Amino acid sequence: MSGAVRAALAGLVAAGAAAAWVLSRPAGDALEVVDVRPIPGEPAMCPWRAPREDMAALFPDADRWQTETVSLARARRSILARLGPGGQIESNTLYVHRVFRGPRHAGFVMVRRFAGGHGGVEVVVGVDPDGRVAGVRVQRHREPPSAARVLARPGWLDHFRGKTASSALRIGSDLPAPSEPATATAEALARTVRSLLIELAESAPAGQTPHQ
Amino acid sequence: MTALVLAGLFRRPLRTALTVFSLAASVAVLACLVSFGQGYQGGLRTELDRMGMQLMLVPLGCPYDAAARVLKGRALESSLPAAALEVVRRDPAVAVAAPVYTAALVRQSENRTDLWVGIDESTRMLKPWWRLTPGSTWFAGPDRVILGAEAAAVELRRPGDRLYSPETRRELAVCGVLERSGTNDDSLFFVPLETAQRMFREPGRLTAVAIRLKDPSLVGGAAERLQRIPGAQVVTITEMMGAFLNLLGAARSLVLAISLVAIAVSGLSIFNTMMAAVLERTRELGILRAVGMSRLGAFSLMALESLILAASGGAAGLLLALAGGRAIESAVRPYVPLAPAAGLPSVTGQAALLCLALMALLGLTAGAYPAWQASRLRPADALRLE
């Protein structure tokens, strides 16, 4: 038997032994299960249209930001578990704009597009370093005036302040119920904000808070 | 021989690198230019072919500007009366006459423009390749909208959803979404013609009439007859394509001339590098000749060095074009009239071959004299030099 054949056989035996060892380990033990299946219809990054104005409103005195791409593949199961029944992750990637006030980290801004009642709605969520909502703004929508009055009005959006990834953000209890024409879009907005907060919280490495 | 050539090139690495870099920059520009030209011409032809028409009736003014605006779904400042459509439809050479009303709504805060296009059933005959996504239907009444694939993705709409137009305060039912076609249709909002006219308060007016003839060879006579419609003018698609290609051709000739000058300068740079190499290595070449290298061998040594220098520059230039082509394309695209929706290729195979052949020729030409000088060295004279 030639040396090359012997080496190939040894390699096969070693690979088989490694595979057997991996398969024999109980699921969820030291091995991490990462779900990297592509999500059908994954949307492109939603642009942050007015960063200066949003920063001034959400983080006064913040002077710069830096965009980071966070993979959610590792945290997908825990995110889905926290989102609860019917919860969905629309993308494996979370775009986080880290905002700074001088050298100090002031918070995060995340932007997401969701289906409103009459077109795409883009929401800008500011989160402080403790993971609490610093403010929510609607940067673009197509809602008719009856719904737009509620969504674009700071009054209703102000109720998001201080909420965290643990908040249920239910309309009617955690947030005041808007008038009827805006209900569906308001519910979708609350769901989107909650998803973003959970994704941000869960995307942090184990044992760390998202701001570390 | 190869070892000697490489040793010669690496003897002065900075000089070699600078020569390669200057060649690479010129080749990158040339490769992008040739590829863009080919891509633009092909893309434009495909898009115009897919329009499914031979003529377009537009309001009086600059015909090419008007036609380009209509094709891109941009608004025109003037419009045609609906009566023009009847005249066109009565023409014996006309197979399909599709009325179009386009309007642009600028959404300043989003840095984009919503393009609304009013059409009727005849547009489907002009665009038989249109495919609607499952669940979609054609307009079953007024205040319906069919969205291009991209528009639907931005608005997150599906058939059965509602869409509101804040600027015109009109609520529409999404009855269909077009499958992605890679054309400008992807980003448009299609509504029934009458709905568009009401939305933009121009009842009975048209932006253009797209015309398909029964036989494309009838284009001359049909254009002459339709030209007589008051307040209207006819543009043929062939004329349009010719006009756009001429516009592009003028700009292309200028840049081509500049890149050819840059390549000529790079050729001089190779010549200079090789002459310097021959002078620096006179003694070495003398020794090689003394130990038996033939005149042809000395010539080949320097010619090969020059060829490798040029080929390296060419290859580096192609890599540069591949890497930076997308950036160059996005910078150039806004200035290209009627740029095809599909991306322009950064480097085509034909352009790459052309550049490499040109570089080989340049390398041989620029290196010929220094190589000849090297072959003429007499060993005794060369060895006498300190």
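**The sheet and its helices**

Modeller: Start with helix α8 (residues 219-226) of chain B. Helix α8(B) lies across β1, β3, β10 and β11 of chain B, and runs at about 15 degrees to β1(B). Helices (H or I, at least four residues) and strands (E, at least two) are DSSP runs, numbered from the N terminus. Axes are lines fitted to C-alpha atoms, for helices over the stretch in contact, and angles run from 0 to 180 degrees between N-to-C directions. Two residues are in contact if their C-beta atoms, placed from the backbone, lie within 7 Å.

Colleague: And the numbering and the model itself?

Modeller: Residues are numbered from 1 along each chain as its sequence is written, while chains are lettered from A and ligands numbered from 1 in the order in which they are written. This is a predicted model, so local features need pLDDT of at least 70 and side-chain atom pairs count only at pLDDT 80 or more, whereas totals for chains, interfaces and linings use all residues.

Colleague: In what order do the strands of the chain B sheet come?

Modeller: The order is β6-β7-β5-β8-β4-β3-β10-β1-β11. That makes nine strands in an open sheet, with mixed pairing. Two strands pair if DSSP finds at least two bridges between them.

Colleague: Which strands stand at the edges?

Modeller: β6 and β11 (232-236) of chain B do. Each has a single partner strand, so one side of each is left without a neighbour in the sheet. From one strand to the next, the twist averages 35 degrees.

Colleague: How many bridges join β6(B) to β7(B)?

Modeller: Four, and β6(B) and β7 (residues 170-177) of chain B run antiparallel. Take S165(B): its bridge partner in β7(B) is R170(B). Helix α4 (residues 83-90) of chain B also packs on the sheet. Helix α4(B) touches β1 (55-59), β3, β10 (208-213) and β11 of chain B, and its direction makes about 150 degrees with that of β3(B).

Colleague: What about L169(A), buried or exposed?

Modeller: Buried, because 22 other C-beta atoms lie within 10 Å. L169(A) is in the loop between α5 (154-157) and α6 of chain A. L169(A) is not a glycine either, yet has a positive phi of about 55 degrees.

Colleague: New topic. How many residues does the largest nonpolar core have?

Modeller: It has 57. Those with the most contacts inside it include L55(B), V145(B) and F189(B). Strand β3 (residues 94-107) of chain B gives the most to this core, with six residues. A second, separate core of 44 residues includes A75(A), V133(A), L151(A) and L157(A). A nonpolar core is a set of buried Ala, Val, Leu, Ile, Met, Phe, Trp, Tyr and Cys residues joined through C-beta atoms within 7 Å.

Colleague: What does V145(B) touch?

Modeller: Leaving aside neighbours within four places in sequence, its contacts include L163(B), L172(B) and F189(B).

Colleague: Now chain A. What's in it?

Modeller: Six helices and five strands. Buried residues make up 35% of its 212 residues. Helix α3 (residues 76-83) and helix α6 (residues 183-202) of chain A have axes that come within 10 Å and cross at roughly 145 degrees. S78(A), I79(A), R82(A) and L83(A) in α3(A) meet S195(A), I198(A), E199(A) and E202(A) in α6(A).

Colleague: Where is H141(A)?

Modeller: In the loop between β5 (133-140) and α4 (145-151) of chain A. H141(A) is buried, with 22 other C-beta atoms within 10 Å. H141(A) and E122(A) are 19 residues apart in sequence and 6.4 Å apart in space, C-alpha to C-alpha.

Colleague: Last one. How many residues of chain B are in contact with chain A?

Modeller: 11, against 12 residues of chain A. β6(B) gives the most to the chain B side, with three residues.

How values were computed: A residue is buried if 20 or more other C-beta atoms lie within 10 Å of its own, exposed if 12 or fewer, and partly exposed in between; C-beta atoms are placed from the backbone.
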